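Q: I am new to this structure. Could you take me through it step by step?
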Amino acid sequence: MSHMSPVIWQFLVKWMTNFALFPPEASKIAPQMDALYFFMVLVSLIGLTIVVLLVTSFSILYNKKRHPVAVQIEGSTLLEATWTIIPLGLFLVMFVWGALIYFRVFTPPANAMNIYVVGKQWMWKVEHPGGQHEINALHVPTGRAVQLTLISQDVFHSFSIPAFRVKREAIPGRYTTVWFEATKTGTYHLFCTQYCGTNHSQMIGDVVVMTPEEYRKWLISSTSGSSLAQNGERLFASLSCAACHNTRPDARGPSLANVYGSKLALSAGGTVIADDAYLREAILNPSQHITQGYAPIMPTYQGQISEEGVIALIEYIKNLDSDYRVQQTLNTTDLPPGSEGKTPAAKGQVSKGTVKP
Amino acid sequence: MSAHTIVSLLDQSTAKIPKDNYITRENGLLSWLLTSDHKRIAILYLISLSFFFFIGGALAGLIRLELLTPQTDLMATDTYNKVFTMHGVIMVFFFLVPSVPATLGNFLIPMMIGAKDLALPKVNLLSWYLYMAGGLLALYTMMVGGVDTGWTFTTPLSTHYVNTNVLTTGLAVFVAGFSSILTGLNFIVTIHKMRAPGMTWFRLPLFIWAHYAASILMVLATPVVAIAIVLVMLERTFGIGVFDPAKGGDPLLFQHLFWFYSHPAVYIMILPGMGVISEVISTFSRKRIFGYTAVAFSSVAIAVFGFFVWAHHMFIMGISNYAVLVFSLLTMLVAVPSAIKIFNWTFTLYKGSITFETPLLYAFGFMGLFTIGGMTGVFLGSSGTDIHLTETYFIVAHFHFVMVGGMLMAFLAGIHFWWPKITGRMYPEKLSQLAAVVTFIGFNFTFFPQFILGTLGMPRRYASYPPEFQILNVFSTAGATILGVGYLLPVLYLVWSLKYGAIAGNNPWQATGLEWQTQSPPLTENFAVMPIMDHEAYDYAWLEGQQQKDEQQHRQLHERQKETEVTSAG
């Protein structure tokens with residue numbers, strides 16, 4: 001290639017080595033989705049070929065020179081039924097196949113490890129249960145089901161990992177979930193795919209897939225000192241939630257032990273499963289979600305707790321019924337001065353000390 | 001009997017544009033701006049639509065230039081966001097939605113059904129003024145700084161988080177929406193009440209069926225987007241909490257309302273284009289459309305099913321899995337009538353007698369590109385693959401294949417096909433065939449690489465992107481340049497043909513529609529004698545019989561004239 005201009009040559013080399021036609025398959029669902037994708041490509045190609053072949057051959061056979069007089073044909077019920085039923089059948093196959101994949105992507109297995117993701121203009125904040133924070137990056141191990149619980153602090157965002165073939169909208173005021181199991185180590189693109197304003201195209205990051213050992217090492221090296229549940233516990237104390245939510249017989253609010261995942265009867269009638277979405281709503285809009293037998297006295301925390309704070313509280317409540325034990329509870333006296341006054345809890349009802357649900 | 005009075009070959013033999021026609025009847029700018037003639041209003045639309053198309057096209061050019069390199073180097077991200085927003089707003093609301101109905105539909109619906117005008121001529125003019133008011137407001141918005149919400153105006157971005165001109169853009173779309181509603185209403189009334197004697201529903205050209213279906217969508221769906229936009233404006237101005245989750249609103253509600261219009265809007269755009277394709281394919285293969293009834297009812301089926309698929313834009317938005325199931329299934333069903341149409345058109349060619357003038361080349365382009373556009377729609381309608389492909393360049397490629405590859409090809413096919421009727425002159429055939437081929441090649445170069453980009457995961461509406469996507473973006477930009485040439489060529493030679501084109505005569509294509517059985521350009525009242533429809537649509541045997549009768553009459557007339565000359569001389 002000596003006769004080729006070195007500039008063009010370098011350009012070509014740079015392009016061709018960077019050139020991709022198909023994204024890597026790095027999750028368990030990816031090959032399944034690609035199988036459907038290629039089935040559809042195949043059907044499309046066959047359909048297109050049939051149309052092009054027919055149009056071409058009719059154009060040759062029946063052009064005016066060869067076929068000066070047209071033969072009028074009204075139609076053919078048999079033919080028309082054929083090209084109604086065959087496409088319909090194929091489309092239905094694609095529908096069922098697609099739905100099976102869709103349900104798989106949005107139905108996490110019970111043992112999935114949960115990671116919280118908060119989207120905001122224009123970054124992704126990731127909260128691991130162990131308290132590790134990441135911005136515009138997500139570290140996950142191979143061979144382990146990971147569920148993401150997403151929420152947005154402002155506008156719609158969308159969390160997309162093309163190599164995993166998963167994508168989920170992060171919506172203001174509502175949790176959404178998606179799960180995956182990474183299969184191949186490496187660094188992959190993370191995109192925000194929902195247009196979210198000025199720096200939408202910079203709301204990108206890396207998904208780093210590691211072997212379980214490397215991941216364990218990464219967890220240890222990135223620890224922030226306290227787990228997400230511990231952060232939640234601290235917040236729980238600083239907001240004086242335990243003033244009402246405790247196990248005392250005269251407690252003004254329901255005890256939160258074992259509440260996560262349980263069925264609650266509401267005073268407005270009906271029952272609800274206390275999941276992430278319910279707990280978030282019950283913290284931010286408590287008057288609409290009063291548990292049966294309690295007075296609607298809880299103040300709203302809308303605008304007073306960040307989405308990360310809510311996540312920490314939920315993580316804390318979630319762990320109350322498991323092996324989580326309060327290792328160390330910060331005394332309200334440890335809080336920076338003045339913060340107590342800001343909490344909406346009623347004065348004089350503050351219970352200092354350990355939260356023992 | 002009276003039917004054959006409308007067939008006349010007189011002008012073709014004498015090769016002159018008839019002195020009295022809708023263009024020459026009145027003169028002066030006011031005679032155009034205050035006209036209530038559907039043909040003149042169609043011309044007003046054609047000029048203004050083309051103007052907006054080239055503005056939208058220039059914006060597309062800027063987008064492609066920015067995407068030539070992975071970095072943001074031509075413009076700041078904010079500018080880029082405004083450019084793609086305005087490209088979308090102008091192309092969707094001020095070009096694609098009105099394109100075929102407001103120009104060709106306006107010109108041809110009364111002529112095809114044998115009427116003098118639309119049922120509500122003044123309302124028709126009002127539609128154009130509303131369209132212009134909306135369009136000029138959109139242009140004004142662009143001048144004073146633009147808007148960067150994307151043409152989808154997604155809340156809460158549009159209500160709380162941008163500080164650009166959301167209100168004026170919203171108002172522009174709102175006003176233009178009324179233009180669309182009035183046009184649809186006018187068409188529905190006209191098709192119901194103004195058909196010539198003998199013009200039964202199943203004798204209507206398929207162009208009319210397609211426009212009827214599209215009109216129903218315009219009338220029923222457009223108010224919903226108007227309401228949605230008003231709510232956005234109210235929430236932005238007064239802070240009412242319809243969409244704001246902090247006030248108990250539902251941020252997803254906006255998308256439900258928006259797509260309840262904007263999905264049927266896709267069919268408002270494509271159905272009239274399909275109508276054009278039916279006319280063109282029948283004429284150039286000299287055959288009645290294969291399975292007329294199936295094609296007619298498939299238009300209606302698309303319109304009906306089109307209302308129940310909107311949530312397929314929201315599969316990953318956290319709506320219930322079962323809602324996804326239902327909407328995915330309905331989406332599959334709406335794909336079937338489109339497939340039926342493609343195959344019926346293909347089999348219309350079977351045993352035809354085909355000539356390959358420009359309109360047919362565009363129609364072939366439409367069939368190929370629409371097939372790809374439609375099939376890739378199924379990729380997105382299937383909920384599983386949608387997860388990976390939605391919100392990427394796959395979507396961009398898909399809807400450009402349908403809207404630009406399909407709709408615009410059909411629009412150009414129609415403009416070339418009826419140009420002789422509209423202007424009385426022929427366009428240059430060879431040059432226009434070249435333009436059709438250039439457009440087809442340019443289109444594929446521009447948009448095919450975007451399917452691959454989307455599959456790779458490149459998100460839409462990105463001003464910058466990872467470097468490995470560059471080569472495909474360079475292809476796309478190069479293709480856009482070719483496509484631009486393909487669109488400029490017709491403007492040049494069509495304008496040229498206004499003065500220098502060959503005289504077309506009444507019926508240069510030997511087509512069967514009533515619009516061809518009168519002079520070109522037509523009289524202001526369309527027909528000298530009220531036509532009577534005494535045959536089926538696309539009846540080429542009838543046309544031949546008519547012409548033979550006509551020639552005979554001419555010969556007799558000629559001979560009688562000669563005789564009288566001889567006798568008077570003697």
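A: The centres of domain 1 of chain A and domain 2 of chain A, taken over C-alpha atoms, are 36 Å apart. This is a predicted model, in which local features need pLDDT of at least 70 and side-chain atom pairs count only at pLDDT 80 or more, while totals for chains, interfaces and linings use all residues. Residues are numbered from 1 along each chain as its sequence is written, and chains are lettered from A and ligands numbered from 1 in the order in which they are written.

Q: How many residues does each domain give to the contact?
A: Domain 1 of chain A gives 11 residues and domain 2 of chain A gives 10 residues; two residues are in contact if their C-beta atoms, placed from the backbone, lie within 7 Å.

Q: Which strands supply the side of domain 1 of chain A that touches domain 2 of chain A?
A: At least two residues each come from β1 (113-120), β2 (123-127) and β5 (145-152) of chain A. Strands (E, at least two residues) and helices (H or I, at least four) are DSSP runs, numbered from the N terminus.

Q: Where do the domains lie in the chain?
A: In chain A, domain 1 is 21-225 and domain 2 is 228-342, with bounds from an automatic or database domain assignment.

Q: Turning to chain B, how many helices and strands does it have?
A: Chain B has 18 helices and zero strands.

Q: What does its C-alpha trace span?
A: Along its principal axes, the C-alpha trace of chain B spans about 100 × 45 × 45 Å.
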